[in-house]
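The following note sets out a reading of the structure shown below, point by point.

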Amino acid sequence: MPDEYRTVARAGVHETEVNRSRFLCALAPAATEREAQDFVAAVRKEHADATHNCYAYVIGADAAIQKASDDGEPGGTAGVPMLQMLLRRDMRYVVAVVTRYYGGVKLGAGGLIRAYGGAVGEALDAVGTLTRRRFRLATVTVDHQRAGKVQNDLRSTGREVRDVRYGEAVTIEIGLPDADVEAVRGWLADATAGTAGFELGGEAYGDV
């Protein structure tokens, strides 16, 4: 798993014009291939009268799923440059649909490649991206008396407190970079006189 990747901050649309053709790039986050396909279908329905609705999407932190479609444009002039732009920007879990309304001037293969790739790049800049970083999940178990101070100290040092549950003891779920695990384990033992529990869980990604 890569240490970090980028994705779009939100869904959005950005429009550009090239030689009287309108290019509308719709971007959205997509957690699964099904979500990406549903978004493509929704844009195609909204712009059913468009000349082309080309798409590209990348799913998985390791970019395991990559798909692109030229939707009638000459082969390799639309979907592939869109996909290449997403990959060049390290984008993951994202879907892009570029809708073209033909303006009467043919762009040629080079012009199409620049227009479709450029539409995605401009849309990413306009909509905004965010970085998600890999971290380890860990569970801290501490008595009620110490729980408040432990939580405050974790937050004040920038640790991500993901969940707090109260029972016989207090269970605090946190997210840590791998490099910080041993330091936090040691700090916790010192801060609670060795009474706190510390258990490592799986891995996840969180916003930086």
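1. Overall contacts and shape. In this predicted model, residues 24 or more positions apart account for 70% of those contacts in the protein chain that have a separation of 6 or more. The secondary structure of the chain comes to 5 helices and 10 strands. A compact globule of 208 residues would have a radius of gyration near 17 Å, whereas the protein chain has 23 Å. The C-alpha trace spans about 75 × 30 × 25 Å along its principal axes. Of the 208 residues, 42% count as buried.

2. The open sheet. An open sheet is formed by 5 strands in the order S2-S3-S6-S4-S5, with antiparallel pairing. Strand S2 (12–18) and strand S5 (65–69) stand at the edges with a single partner strand each, so one side of each is left without a neighbour in the sheet. From one strand to the next, the twist averages 15°. As background, strands of a sheet pair through backbone hydrogen bonds, either parallel or antiparallel.

3. Strand S4 and its partners. Strand S4 (residues 52–59) is joined to S5 by 5 bridges, and the two run antiparallel. Within this pairing, Ala56 has Ala68 of S5 as its bridge partner, and Ile59 stands opposite Ile65 in S5. S4 and S5 form a hairpin with 5 residues between them, and Gly60 in the turn has a positive phi of about 105°. Toward S6, S4 is joined by 7 bridges, again in an antiparallel arrangement. Here the bridge partner of Tyr55 is Val97 in S6.

4. Burial of S4. How many residues of S4 are buried? The count is 8 of its 8 residues, and the strand is described as mostly covered. In a regular strand the side chains alternate between the two faces of the sheet. In S4 both faces are covered: His52, Cys54, Ala56 and Val58 are buried on one side, and Asn53, Tyr55, Tyr57 and Ile59 are buried on the other.

5. The buried residues of H2. Which residues of H2 are buried? They are Gly79, Pro81, Met82, Leu83, Met85 and Leu86. These buried residues pack against S4, S5, S6 and H3.

6. Most residues other than glycine have a negative phi. Just after H2, however, Asp90 takes a positive phi of about 60°. Asp90 lies in the loop between H2 and S6, and at 42% relative accessibility it counts as partly exposed. Asn19 likewise has a positive phi, of about 45°, although it is not a glycine. Asn19 is placed in the loop between S2 and S3. At 46% relative accessibility, Asn19 counts as partly exposed.

7. The H4–H5 pair. The axes of helix H4 (residues 144–156) and helix H5 (residues 181–191) come within 11 Å and cross at roughly 145°. The crossing of H4 and H5 is right-handed. At the contact, Arg146, Val150, Asp153 and Leu154 in H4 meet Trp187, Leu188 and Ala191 in H5. The residues of this contact divide into 5 nonpolar, no polar and 2 charged.

8. Thr192. This residue is found in the loop between H5 and strand S10 (197–207). Is Thr192 buried or exposed? Its relative accessibility is 1%, and Thr192 therefore counts as buried, the cut-off being under 20%. Leaving aside neighbours within four places in sequence, Thr192 is in contact with Val142, Arg146 and Val150. Arg146 and Val150 are also among the H4 residues that meet H5.

How values were computed
Residues are numbered from 1 along each chain as its sequence is written. This is a predicted model: local features need pLDDT of at least 70, side-chain atom pairs count only at pLDDT 80 or more; totals for chains, interfaces and linings use all residues. Side-chain values use heavy atoms; hydrogens and water are left out. Two strands pair if DSSP finds at least two bridges between them. Helices (H or I, at least four residues) and strands (E, at least two) are DSSP runs, numbered from the N terminus. Axes are lines fitted to C-alpha atoms, for helices over the stretch in contact, and angles run from 0 to 180 degrees between N-to-C directions. Buried means under 20% relative accessible area, exposed over 50%, partly exposed in between (1.4 Å probe, protein chains only). Contact means heavy atoms within 4.5 Å. A crossing is left-handed if the near helix is turned anticlockwise from the far one by less than a right angle, and right-handed if clockwise. Ala, Val, Leu, Ile, Met, Phe, Trp, Tyr, Cys and Pro count as nonpolar, Asp, Glu, Lys and Arg as charged, and the others, Gly among them, as polar. The radius of gyration is taken over C-alpha atoms; the globule rule is 2.2 Å times the number of residues to the power 0.38.
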